[in-house]
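Open the model in your viewer and keep the selection tool at hand. The tour goes stop by stop, with something to select at each.

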Amino acid sequence: MNEIRVLFWKEVKLELRQRYALNGMVLYIVSTVFICYLHFNLNQNLLNPIVWNTLFWIILMFTAVNAIGKSFSQDSDGRILYYYTLTSPIAIILAKIIYNSLLMTVLTLSGFLVYQLAMGNPVDDLGMFLLALLLGSIGFASVLTMISAIASKAGNNGMLMAVLSFPMVIPLLLMAVKMSKNAMDGLDASVSYDEIAVLLAIDALVIALSLILFPYIWKS
């Protein structure tokens, strides 16, 4: 736990030192939402709750890819070798997942705030909607962190990351969209239990696979 804590704060300090990365993600969200606002402000009849919800999750998905795809690419070979002599691969991958989950949650909530200010807020059950955002953010962070580790061993191949992440992100995205749509319609919480269970299962499965597979990737 001490190794995970130290590595987590190392990630936080690096992000604060290189603020252009975080500022770039915030700028990406704001500019994308602004473009959507300009379009739908001229075509208000096109913006229904389904479009509102789907568009928001698409923005979050691309934000996650841009924010988390650099998880391992920013570490040089010398730094990786230094980590190899100091700590375990389990601590490294858990620290990365925890940090990226926190970063993605902050970006998601910030994006939701900007999005609802520009596009309105048709959500009836805000608590369930925020839960969907939280589970989706953790899922995006877990999946993309592991894919980033695999891609880093292939020379940080961006195409490889896109190909590997697609089949894992799509089921997560579909469940999150369905759960958030139930929250928008104000349906009873019991209606979303299946989606909550699936999202929790995906998050737990990806984290478990990361703990099993990453040590082999790390040794290579």
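A residue counts as buried when its relative accessible area is under 20%, as exposed when that area is over 50%, and as partly exposed in between. Keep in mind that this is a predicted model.

**Stop 1: Ser 101**

Select Ser 101, which sits in helix H5. Its relative accessible area is 10%, so Ser 101 is buried. Show what surrounds it. Beyond residues up to four places away in sequence, Ser 101 touches Ile 138 and Ala 141.

**Stop 2**

With neighbours within four places in sequence set aside, the contacts of Pro 89 are Phe 214, Pro 215 and Trp 218. Now draw a distance from Pro 89 to Leu 172. Their C-alpha atoms are 26 Å apart, and 83 residues separate the two along the chain.

**Stop 2: Tyr 84**

Move to helix H4, residues 77–86, and pick Tyr 84. Its relative accessibility is 41%, so Tyr 84 counts as partly exposed. Leaving out neighbours within four places in sequence, Tyr 84 is in contact with Trp 218 and Lys 219. Trp 218 was also on the contact list of Pro 89. For a distance, take Tyr 84 to Glu 15: 21 Å from C-alpha to C-alpha, with the two 69 residues apart in sequence.

**Stop 3**

Next, colour the aromatic rings. How many aromatic pairs are there? The count comes to nine. Zoom in on one of them, Phe 112 with Phe 129. This pair is tilted, with 5.2 Å from centre to centre and 40° between the planes. Phe 112 belongs to helix H5 and Phe 129 to helix H6 (residues 126–152), so the pair ties together parts that are 17 residues apart in sequence. Both Phe 112 and Phe 129 are buried.

**Stop 4: the nonpolar cores**

Which residues touch the most other members of the largest nonpolar core? They are Trp 52, Trp 57, Tyr 115, Phe 129 and Phe 140, in a core of 48 residues. H1, helix H2 (19–42), H3, H5, H6, H7 and helix H8 (193–219) each supply at least two residues of this core. H6 gives the most, with eleven residues.

Centre on Trp 52. With neighbours within four places in sequence left aside, Trp 52 is in contact with Leu 47, Phe 112, Tyr 115, Met 119, Gly 120, Asn 121, Pro 122, Val 123, Phe 129 and Met 184.

Then look for a second, separate core. This one has 14 residues, including Ile 4, Leu 7, Phe 72 and Tyr 83.

**Stop 5: Gly 120**

Gly 120 counts as partly exposed because its relative accessibility is 27%. Residues up to four places away in sequence aside, Gly 120 touches Trp 52 and Tyr 115. Gly 120 and Trp 52 are 68 residues apart in sequence, and their C-alpha atoms are 9.0 Å apart in space.

**Stop 6: the largest pocket**

Rolling a probe the size of a water molecule over the atoms shows where empty space is left.

Find the largest pocket, which holds about 200 Å³ of space. Eleven residues line this pocket, and the closest to its centre are Phe 62, Val 65, Ala 162, Ser 165 and Phe 166. Helix H3 (49–68) and helix H7 (158–185) each supply at least two residues of the lining. H7 gives the most, with six residues. By type, the lining has eight nonpolar residues, three polar and no charged.

**Stop 7: the second largest pocket**

Finish at the second largest pocket, with about 150 Å³ of space. Select its lining: Val 12, Glu 15, Leu 16, Leu 22, Tyr 99, Leu 102, Leu 103 and Val 106. The largest share, four residues, comes from H5. This lining divides into seven nonpolar residues, no polar and one charged.

Definitions and conventions:
Residues numbered from 1 in each chain as written. Predicted model: local features only at pLDDT ≥ 70, side-chain atom pairs only at ≥ 80, totals over all residues. Heavy atoms only, no water. 1 Å grid on protein atoms, 1.4 Å probe; cavity = no way out; pocket = protein on both sides within 12 Å on 5 of 7 lines; lining within 4 Å. Points joined across faces, edges and corners; volume = space filled by probe spheres on them. Nonpolar A, V, L, I, M, F, W, Y, C, P; charged D, E, K, R; others polar. Phe/Tyr/Trp six-rings, centres within 6.5 Å; stacked < 30°, edge-to-face > 60°. Buried < 20%, exposed > 50% of the residue type's maximum accessible area, 1.4 Å probe, protein only. Contact = heavy atoms within 4.5 Å. Core = buried A, V, L, I, M, F, W, Y, C linked by side-chain atoms within 4.5 Å.
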